[in-house]
Structure formats: C-alpha cells, structure tokens
Amino acid sequence: MPTALDHFRLAVPAGSEEALRAHHGGAAGMTETTRPLPLAVRGGCRFRVGDVRPRLRPTPECAPSRKAHRGCR
C-alpha cells in the first residue's frame with residue numbers, strides 16, 4: 001500500500017514556463033529541478049517541495065494528458 005505521494009503531472013498551456021517559474025519557484029517557494037534531455041526539448045518544468053515533485057507539461061489547448069499520473073511510494 002502506498003504511503004506517500006512522490007510526483008504528479010499536470011497539463012499546462014504551451015509557452016507558460018516563465019509564468020510557472022514565477023509562481024511555483026517564486027511565490028510558492030518550490031525548487032526547480034532539471035528534466036532529462038529527451039524530455040526537456042518538449043518544454044515544461046519540474047519542481048520539488050519536500051518529498052513532492054510536481055511535473056508541469058505543456059499540452060495542446062491544455063487538454064488533460066493521456067499520460068497524467070501520480071507516483072506513490
């Protein structure tokens with residue numbers, strides 16, 4: 001049985017990375033983490049706050065991602 005939330009993916013509008021960094025990295029105080037190179041070319045951001053790692057990925061028209069998921073441990 002899972003005991004903690006590890007990460008989750010959210011769909012965000014394409015081109016919103018700077019606003020995401022300002023909000024999550026600035027106002028929310030999260031630390032931005034690097035994305036693996038094959039994923040970095042697609043855009044988006046990853047953050048970390050404590051043990052939780054939100055992953056924000058651009059999706060056309062901000063539609064729900066077919067790969068949206070949360071990882072538990």
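Glu18 and Arg21 sit three residues apart in helix 1 (residues 17-27), which is about one turn of the helix. They also form a salt bridge, with 3.2 Å between the closest N and O atoms. Keep in mind that this is a predicted model. The chain has two helices and five strands, and from the N terminus on they come in the order β-α-β-α-β-β-β.

**Salt bridges around Arg21**

- Searching the whole structure turns up two salt bridges.
- Besides the bridge to Glu18, Arg21 has a salt bridge to Glu32, at 2.9 Å from N to O.
- Put together, Glu18, Arg21 and Glu32 make a network of salt bridges.
- How exposed are the members of this network? Glu18 has a relative accessible area of 58%, so Glu18 is exposed.
- Arg21, at 29%, is partly exposed, and Glu32 is partly exposed as well, at 36%.

**The two sides of helix 1**

- Which residues of helix 1 are buried? Glu17, Leu20 and His24 are.
- On the face turned away from the buried side, helix 1 carries the exposed residues Glu18, Ala19 and Ala27.
- The cover over the buried residues of helix 1 includes strand 1 (5-12), strand 3 (45-48) and strand 4 (53-58).
- Just past the end of helix 1, Gly29 has a positive phi of about 70°.

**The nonpolar core**

- The largest nonpolar core has five residues in all: Val12, Leu20, Cys45, Phe47 and Leu56.
- Setting aside residues up to four places away in sequence, Leu20 touches Val12, Gly25, Cys45, Phe47 and Leu56.
- Leu20 is also one of the buried residues of helix 1.

- What does Arg46 touch, leaving aside neighbours within four places in sequence? Its contacts are Thr31, Glu32, Thr33, Thr34, Arg35, Pro36, Leu39, Pro54 and Arg55.
- One of those contacts, Glu32, is also the salt-bridge partner of Arg21.

- Ala14 is in the loop between strand 1 and helix 1, and at 62% relative accessibility Ala14 is exposed.
- Along the sequence Ala14 and Pro60 are 46 residues apart, yet their C-alpha atoms are 6.6 Å apart in space.
- Not counting residues up to four places away in sequence, Ala14 touches Pro58 and Thr59.
- Ala4 is in the segment before strand 1 and, at 28% relative accessibility, is partly exposed.
- Between the C-alpha atoms of Ala4 and Asp51 there are 8.6 Å, although the two residues are 47 apart along the chain.
- Across the chain, if you take contacts between residues at least 6 apart in sequence, 60% of them join residues at least 24 apart.

**Burial and surface overall**

- Of the 73 residues in the chain, 29% are buried.
- The chain exposes about 5000 Å², and 58% of that area comes from carbon and sulfur atoms.

- The average pLDDT of the chain is 83, and 85% of the residues score at least 70.
- Where is confidence highest and where is it lowest? Strand 2 is highest, at 94, while strand 5 (residues 70-72) is lowest, at a mean of 61.
- Where pLDDT is low, the predicted coordinates should not be read in detail.

Definitions and conventions:
Residues are numbered from 1 along each chain as its sequence is written. This is a predicted model: local features need pLDDT of at least 70, side-chain atom pairs count only at pLDDT 80 or more; totals for chains, interfaces and linings use all residues. Side-chain values use heavy atoms; hydrogens and water are left out. A salt bridge is a side-chain nitrogen of Lys or Arg within 4 Å of a carboxyl oxygen of Asp or Glu. Helices (H or I, at least four residues) and strands (E, at least two) are DSSP runs, numbered from the N terminus. Buried means under 20% relative accessible area, exposed over 50%, partly exposed in between (1.4 Å probe, protein chains only). A nonpolar core is a set of buried Ala, Val, Leu, Ile, Met, Phe, Trp, Tyr and Cys residues joined through side-chain atoms within 4.5 Å. Contact means heavy atoms within 4.5 Å. pLDDT is the predictor's confidence in each residue, from 0 to 100. Accessible areas come from the Shrake-Rupley method with a 1.4 Å probe; for residues, only the protein chains shown count as cover.
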